[in-house]
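The following exercises are to be worked through with the sequence and the model at hand. Each task is followed by a solution in steps.

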Amino acid sequence: MTATVLLISTLKYEGSLTLQIQSKGPLSLLVVQMKSDSTLRGTAEWDETINSSALTSLCEEGLLTITVEPKDGKERYQSIININHSTLSATIESYFKQSEQIDTRLWLTADDNRTAGILIQKLPDDSLQHKDNDAWNRIEQLASTITDTELLTLTSKKVLHRLFNQENIRLFKPKTIRFHCDCSKKCITNMLRGISHQELQSIIKKDGQVNINCSFCRKHYAFDIIDIDAIFASENLPNDSLKDQH
Ligand SMILES: [Zn+2]
């Protein structure tokens, strides 16, 4: 979740960013989605037998997908890489190297109650007013001296001072991140369209209704036979009316 918060701050436009991991290991699925309005939601599916913290063991044959959807309806952008680093931060660093050719460093940490991170990214050379050829190496080395405890316990202001007190730094106003899920009966209905009418009818025969819990917020959605038939009736309409004409 911290990685997603840091990643969306690199976007130059409004939109949403989704970080997704799928694997054959104990952590089979992880999805975190954040929007420019600072709302965040996430879900994960894992096996109780997790006994290693290395990302490569947690996510055997894992894929990391990053999807960016601009708000203004511009085309969404998706990039997929194999997980072959032992940490999420190294995986994301290599994603930026491979997909975007941008030097990026990321530090992530968490305990049972808190999570924190730092992301630094090299700006294109021509965006610098005064050339400082050593800037990237220097900032990277200074940032590397941060400890997990410092990251978790110090305020952003103190972290910046502790790492970069020799540099000319500017601290922006903090943003409050909050949980929000925008699931709706409409989006669950769209998801059900991907399942066959017959399969849904057989679930209703067995359970009386189709029950879906949103995997992000656990909100419950129920569909009875009338709802299910209505979903497929509206979908079949164009074909049926075509048939009538022939
Ligand atoms: Zn939801």
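**Exercise 1. The cavity lining**

Solution. The structure is a predicted model.

Step 1. Strand 2 (27–35) and strand 3 (39–46) each contribute at least two residues to the lining.

Step 2. The volume of the largest cavity is about 60 Å³. The count of cavities of 30 Å³ or more is one.

**Exercise 2. Strand 4 and its partners**

Task: Determine which strands pair with strand 4, and in which direction they run.

Solution. 

Step 1. Strand 4 covers residues 63–70, and six of its eight residues are buried.

Step 2. Strand 1 (residues 15–22) is antiparallel to strand 4, and eight bridges join the two. Within this pairing, Gln-22 has Leu-63 of strand 4 as its bridge partner.

Step 3. Strand 5 (residues 77–82) is also joined to strand 4, through six bridges, and these two strands run antiparallel. Here Ile-66 stands opposite Ser-79 of strand 5.

Step 4. Strand 4 and strand 5 form a hairpin with six residues between the strands. In this hairpin, Gly-73 adopts a positive phi near 80 degrees.

**Exercise 3. Salt bridges and their exposure**

Task: For the salt bridges of Glu-61, Asp-72 and Glu-93, name the partner and state whether each residue is buried, partly exposed or exposed.

Solution. 

Step 1. The structure contains 15 salt bridges; three of these pairs are examined here.

Step 2. Glu-61 forms a salt bridge with Lys-24, and their closest N and O atoms are 3.3 Å apart. This pair links distant parts of the chain: Glu-61 belongs to the loop between helix 2 (55–58) and strand 4, and Lys-24 to the loop between strand 1 and strand 2, 37 residues apart. The relative accessibility of Glu-61 is 62%, so Glu-61 counts as exposed. Lys-24 has a relative accessible area of 63% and is likewise exposed.

Step 3. Asp-72 pairs with Lys-74 in a salt bridge, the closest N and O atoms lying 3.2 Å apart. Asp-72 is exposed because its relative accessible area is 54%, and Lys-74 is exposed at 57%.

Step 4. Glu-93 forms a salt bridge with Arg-105, with 3.0 Å between the closest N and O atoms. The two residues lie in distant parts of the chain, Glu-93 in helix 3 (residues 88–100) and Arg-105 in strand 6 (residues 104–110), twelve residues apart. At 17% relative accessibility, Glu-93 counts as buried, since the limit for that class is under 20%. Arg-105, at 22%, counts as partly exposed.

Step 5. A network of salt bridges also occurs: Asp-132, Asp-134, Arg-138 and Glu-167 are linked in it.

**Exercise 4. The aromatic pair**

Task: Decide whether the rings of Tyr-95 and Phe-96 are stacked, tilted or edge-to-face.

Solution. 

Step 1. Two quantities are required: a pair of aromatic rings is described by the distance of the centres and the angle of the planes.

Step 2. The count of aromatic pairs is one. The ring centres of Tyr-95 and Phe-96 are 5.2 Å apart, and the planes stand at 75 degrees.

Step 3. An angle over 60 degrees counts as edge-to-face; the planes of Tyr-95 and Phe-96 are at 75 degrees, so this pair is edge-to-face.

Step 4. Tyr-95 is buried, with a relative accessible area of 2%, and Phe-96 is buried, with 5%.

**Exercise 5. A loop residue**

Task: Locate Ile-146, state whether Ile-146 is buried or exposed, and give its separation from Thr-43.

Solution. 

Step 1. Ile-146 is found in the loop between helix 4 (135–143) and helix 5 (148–153).

Step 2. The relative accessible area of Ile-146 is 9%, and therefore Ile-146 is buried.

Step 3. From Thr-43, Ile-146 is 103 residues away in sequence and 29 Å away in space, C-alpha to C-alpha.

Definitions and conventions: Residues numbered from 1 in each chain as written. Predicted model: local features only at pLDDT ≥ 70, side-chain atom pairs only at ≥ 80, totals over all residues. Heavy atoms only, no water. Buried < 20%, exposed > 50% of the residue type's maximum accessible area, 1.4 Å probe, protein only. Helix = DSSP H or I, 4+ residues; strand = E, 2+ residues; numbered from the N terminus. Pairing = 2+ DSSP bridges. 1 Å grid on protein atoms, 1.4 Å probe; cavity = no way out; pocket = protein on both sides within 12 Å on 5 of 7 lines; lining within 4 Å. Points joined across faces, edges and corners; volume = space filled by probe spheres on them. Salt bridge = Lys/Arg side-chain N within 4 Å of Asp/Glu carboxyl O. Phe/Tyr/Trp six-rings, centres within 6.5 Å; stacked < 30°, edge-to-face > 60°.
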